[in-house]
Amino acid sequence: MKQILVLQNQRIGDTLQTTPLLCGLREKYDPCRITIVTNRLYADLNLGSLADEIINFDQNGLCETLQDPNLSIARKYDYARGFLDPLCTRRFDLVIDVPADTNMHLLASALRNAGNVRGVTLSPGRSWSYSHPEVMLLYTIGLCREVNRFNLVDLHNLLAGVRPSEQKLRLPLDQDAESYAAGFWAENGIDPQKDVVVALQAGASEERKRWGEVNFAQLARMLVERLGARALLCGSSEEQSLGARIAREAGVPVVSAIGKTGISQLASMIRGCRLLVTNDTGTMHIAAAVGTPVIDISTGPVFFRETGPYAEGSIVVESDIGCSPCNFNAVCRHYACRESIKPEMLLRLAEMLLYKENAAFLSAQDFQGVRIHRATFNDVGRLDFKPLFRYPMSLFQFLGFFYAHTWEVFYGMRPSPKTAAAILAEIAEMHDIEKSWPFIFSGLKESAQDLRHVEEQLCVGEKNLCPARASVEEFEKIYNELSFFGATRPSVRHFTTLLSLALESQSGVDPLAALNKIRDSVRFLARQVQFLRRQLVEAAQLLENGQKKAS
Amino acid sequence: MSFFEKNLEILRQHNAGLAQALLASPASPSIQVISAKSRDLIPLAEGRALHSVYNPVEEAARFVSAQALGEARAIVALGFGFAYHIEELLKKSRAPIIVVERRLDVLRAAMESRDLEQILPALTLLHSPAPSSIVTNKYVADALGAGACPIVTHDASARLDPEYYSAVKLRMQRGIRSDTAKRLKVLVVSPVFGGSWSVAHYCASGLKDVGCESVFLDMSPFHQALKYLDESLKNTTIQPRMSELFHRLLCEFTYWKIRQTEPDLVFFLAQAPVSTELLSKLREEKIQTAFWFVENHKLFPYWNEIAPLCDCFFTIQRGEFFSKLDVLNAFDHFYLPLCCEPSAHRPQELDAQDLARYGSDLSVAGFGYYNRLHMLQGLTDFSPKLWGPGWNRSSALAPFIQDSGADFDVETMVKIYNASSINLNLHSSTYATGVEPDGDFVNPRTFEIAGSGAFQLCDERSELGELFSIGSEIITFRNLQGLRELIRHYLDHPRERKEIANRSRQRALSDHTYRLRMRQMLECIYPADLLDRRTVRLDHPDQVSRLLAEMPAGHDLQPLLKTYQPDFHVTISGLIKDLAKAGGTPAPVEITLRWMENVLTQGLRR
């Protein structure tokens with residue numbers, strides 16, 4: 001029986017986003033035994049039916065021990081080995097190191113009897129080694145968000161090399177949690193079958209990700225007064241004062257479950273709700289997992305295409321100001337994205353999800369300053385967010401369609417490529433290309449030229465890479481030039497970043513020994529670049545012809 | 001017997017140094033003694049009366065009764081004057097009284113004019129002490145710890161030197177403020193580049209070793225940017241402006257890092273990015289600062305601006321430099337000589353390849369300064385190896401320059417020291433053609449060679465004798481001729497070389513390590529008991545000898561720990577660094593340590 005180990009030490013949302021992967025592994029390798037390492041903080045997350053064994057990593061306990069000034073390094077070392085040893089000596093045929101946590105990368109590196117590791121490990125040069133092209137793809141996404149349309153769940157599946165038959169998050173509910181939820185409803189005079197309960201999650205892991213308590217309070221009031229709904233506040237015990245302020249500001253009866261539930265209990269309660277309005281949070285993924293419709297308010301650095309709710313029909317609202325989404329490390333002084341999303345807009349969207357069949361009754365005029373997207377799975381089963389109205393688009397949004405298509409083709413999701421014309425038709429369905437034309441045209445040609453340069457350099461590099469140390473050194477010169485080139489041109493940055501990860505993976509390895517791997521990576525990249533460039537050139541030609549005809 | 005003789009006799013029993021100083025000081029014309037209406041004598045300093053011209057005793061009684069002494073465990077009185085208020089204080093309180101007087105001439109006048117027999121034995125009289133030393137006074141430290149140390153300022157005395165007295169007051173208030181249960185947090189600010197960068201780095205690790213929470217603000221990542229700026233704007237009119245802007249940026253960055261870190265003390269190293277604006281801002285925000293000026297004050301005059309704004313200013317020179325600092329009202333200045341870092345500067349067994357590369361009879365590792373260029377011309381018959389930049393390639397020294405004058409790292413430097421029979425340590429000079437005639441401070445190389453267990457010949461320095469025993473632990477020369485003789489002698493006597501080098505290393509390890517220096521530095525700033533409370537104990541659990549003693553045979557860490565000196569304190573990051581040097585696929589021990597380090601870096605998760 002195949003022994004599989006899955007490493008996932010991130011937060012609730014990330015762990016839930018790993019659940020399709022677990023199902024995919026089971027389907028692909030059955031019979032198999034799946035062991036998952038997760039953070040002890042989320043032991044409450046009931047993954048029992050998805051894995052055969054759950055190992056809770058008590059990171060906080062280890063951290064406290066390591067911080068103890070009275071314990072020697074030797075004692076601390078022994079404590080750490082106490083966790084590692086039982087795991088490291090076991091045999092695993094396949095290890096999936098789900099991103100992105102250095103603790104798990106190191107754990108993967110420490111396994112002595114691991115067969116195939118799909119993930120990141122420590123290289124002989126003491127940098128990171130990315131095991132497969134799919135792993136590298138995932139790690140470039142955060143650096144090249146401008147052109148990304150892939151959701152993390154799909155990227156996780158790619159990383160693990162699986163295609164789950166069902167595209168959904170899983171969160172098995174237990175009887176205790178269900179009983180707790182029933183008791184809670186009864187205690188608060190709510191009948192989830194009859195009442196329209198709308199859950200609100202106003203907290204988030206950081207300030208920039210929060211829509212704001214006043215907005216949530218106004219929305220709660222409108223939900224109660226205009227839609228006759230019952231508002232339920234969700235959150236952790238640390239958010240109790242936030243909940244109290246919202247309840248006070250709302251001025252209508254709201255029910256608060258903040259700090260009263262564990263993860264399973266919260267999941268049971270969310271399942272009883274008709275809708276969740278939320279910031280980008282673990283609660284959002286819980287709702288997606290239990291099938292409750294979601295409106296996700298995407299502010300600050302949240303990039304919904306990556307982390308948005310993985311469930312058909314979910315709605316995402318984002319501001320259309322230029323700085324959104326902001327850089328991970330940006331310090332915001334205005335929170336303008338938060339201001340442009342009005343409670344009235346959320347009310348209209350809630351009304352649509354609760355009472356209407358479709359979005360036909362909505363008007364773009366009511367949503368000035370924001371963009372609304374709806375989650376849907378495309379023809380190859382990848383989650384995509386399509387705009388509710390035909391907005392104009394930026395160059396990078398335009399490029400994003402072609403990048404996504406390239407990845408689908410090259411990472412085995414799409415058996416035969418679409419034509420550029422077909423992609424353009426798809427884009428035209430969603431966006432107003434006419435209005436976007438001035439933003440796209442010149443940039444598109446430049447991007448194609450930049451891609452040509454990258455392609456040429458890669459081809460030269462690949463041809464000259466031969467089993468001689470000098471040739472590898474020569475290639476490094478090409479890499480340095482490309483790396484600078486990519487840093488200044490976002491349209492090709494993805495490829496130059498991929499190249500840097502491919503080279504980093506071989507750090508500390510003798511260049512001659514690593515030659516074949518480097519050459520394979522370069523060849524693979526060059527093919528992708530060439531494919532993308534040709535499609536862009538063709539698309540530019542088609543668009544130009546269309547413009548000429550129109551004029 | 002006059003009052004002066006009588007008072008001095010009593011004072012001599014308690015404070016002989018002060019008594020001697022008073023005896024040696026001439027009577028000052030700026031102090032005039034007059035009779036108040038009550039017939040008590042009072043002084044006029046620069047024409048101003050220091051006590052009431054009507055009745056100084058009554059005035060003192062009123063003054064003291066207005067003070068909130070409470071349950072004082074010690075009282076610090078600022079200003080002695082003619083001590084009428086001190087007499088009143090002694091009547092009112094049994095607490096020990098520490099009196100600070102800035103002016104020696106005032107003290108002399110008081111001793112000459114009044115019978116102080118009753119009060120002198122009952123108090124601790126300090127003349128112009130460094131403000132921080134008040135805080136480290138045993139009684140004051142105890143009282144500060146208990147929050148019961150009132151400060152009584154004699155305003156008329158304080159007006160004679162307000163900057164000084166307010167500095168004392170500020171330090172005392174800080175002494176009270178910093179008395180918390182938290183570990184002492186020190187932020188070490190490095191320069192962007194240069195020799196004092198590694199000093200900063202060692203200081204940070206030394207502070208950690210003495211039990212502080214040490215945070216190293218590494219400014220070296222800005223080096224590339226600075227180089228680029230300088231190179232691309234070379235000889236342009238905009239260059240000075242851009243350099244100034246860049247310096248301001250670094251200062252602002254430093255300020256924000258300080259705000260972010262919230263340290264108890266900011267410790268700047270020479271050439272670290274500081275400005276008067278930055279230091280003033282820190283002073284306003286009551287953030288304590290110290291500066292270690294590890295360079296020659298005659299060559300780098302920027303101390304003029306910054307020393308008065310630092311709470312404590314540490315130097316490697318004293319004498320004339322201290323007088324200059326006094327003039328600037330930079331009261332808290334201390335002599336803190338350089339030292340070595342045993343984990344870096346240590347004896348090394350070199351393989352044949354390293355010995356061939358770095359070995360020589362005579363070597364100089366350092367910049368080719370003016371005097372070195374001159375002196376080495378007279379030593380070419382010894383075929384010296386000259387390491388580092390700045391050596392004149394078009395001179396007779398050209399054949400001896402190594403690696404085309406490239407700079408070298410610490411590891412290479414230590415290899416050079418270990419591989420050379422004789423390390424020539426000639427302190428730099430920009431004007432002398434050989435040994436600097438009035439050279440005082442001792443350079444870091446002296447300690448580093450000693451720590452490395454290598455042999456050196458060092459030029460004469462006035463401070464050297466206090467740090468190493470000359471002739472036994474270190475050999476010095478005065479001129480080229482003497483140096484040539486010494487070289488010939490010690491090349492012929494390897495055993496002597498070895499013995500001297502061993503003694504030199506023992507002295508360096510016992511007296512001149514960063515760990516000790518940092519403790520000495522902190523002791524100048526904080527009372528000893530406060531330091532003990534706010535640092536972890538010195539017998540660290542991660543001392544190699546302790547670790548080896550407590551671990552079972554065959555422990556994973558044992559082979560690695562055996563490569564360190566027994567008194568060395570290991571850290572997780574240090575172990576990782578040393579393990580990584582081996583290269584190849586990372587071993588389980590290294591991965592585990594990296595994992596531990598990573599968990600610590602991430603901290604607790606919520």
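Student: How many bridges join strand S16 of chain B to strand S17 of chain B, and in which sense do the two strands run?

Tutor: Happy to walk through it, bearing in mind that this is a predicted model. Strand S16 (residues 420-425) and strand S17 (residues 456-459) of chain B run parallel and are joined by three bridges. To find the pairing on screen, go to B:Leu424, whose bridge partner in S17(B) is B:Leu457.

Now step back to the whole sheet. These strands belong to an open sheet of five strands with parallel pairing, in the order S15-S14-S16-S17-S18 of chain B. At the edges stand strand S15 (385-387) and strand S18 (475-477) of chain B; each has a single partner strand, so one side of each is left without a neighbour in the sheet. On average, and ignoring direction, neighbouring strands here are turned by 30° against each other.

Next come the helices. Helix H19 (residues 444-451) of chain B packs on the sheet, where it touches strand S14 (360-365), S16 and S17 of chain B. The direction of H19(B) makes about 160° with that of S17(B).

Helix H17 (residues 370-377) of chain B is worth a look too. Its buried residues are B:Asn371, B:Arg372, B:Leu373, B:Met375 and B:Leu376. The elements covering these buried residues include S14, S15, S16 and S18 from the sheet, along with H19 and helix H21 (480-492), in chain B.

Note on methods:
Residues are numbered from 1 along each chain as its sequence is written. Chains are lettered from A and ligands numbered from 1 in the order in which they are written. This is a predicted model: local features need pLDDT of at least 70, side-chain atom pairs count only at pLDDT 80 or more; totals for chains, interfaces and linings use all residues. Side-chain values use heavy atoms; hydrogens and water are left out. Two strands pair if DSSP finds at least two bridges between them. Helices (H or I, at least four residues) and strands (E, at least two) are DSSP runs, numbered from the N terminus. Axes are lines fitted to C-alpha atoms, for helices over the stretch in contact, and angles run from 0 to 180 degrees between N-to-C directions. Contact means heavy atoms within 4.5 Å. Buried means under 20% relative accessible area, exposed over 50%, partly exposed in between (1.4 Å probe, protein chains only).
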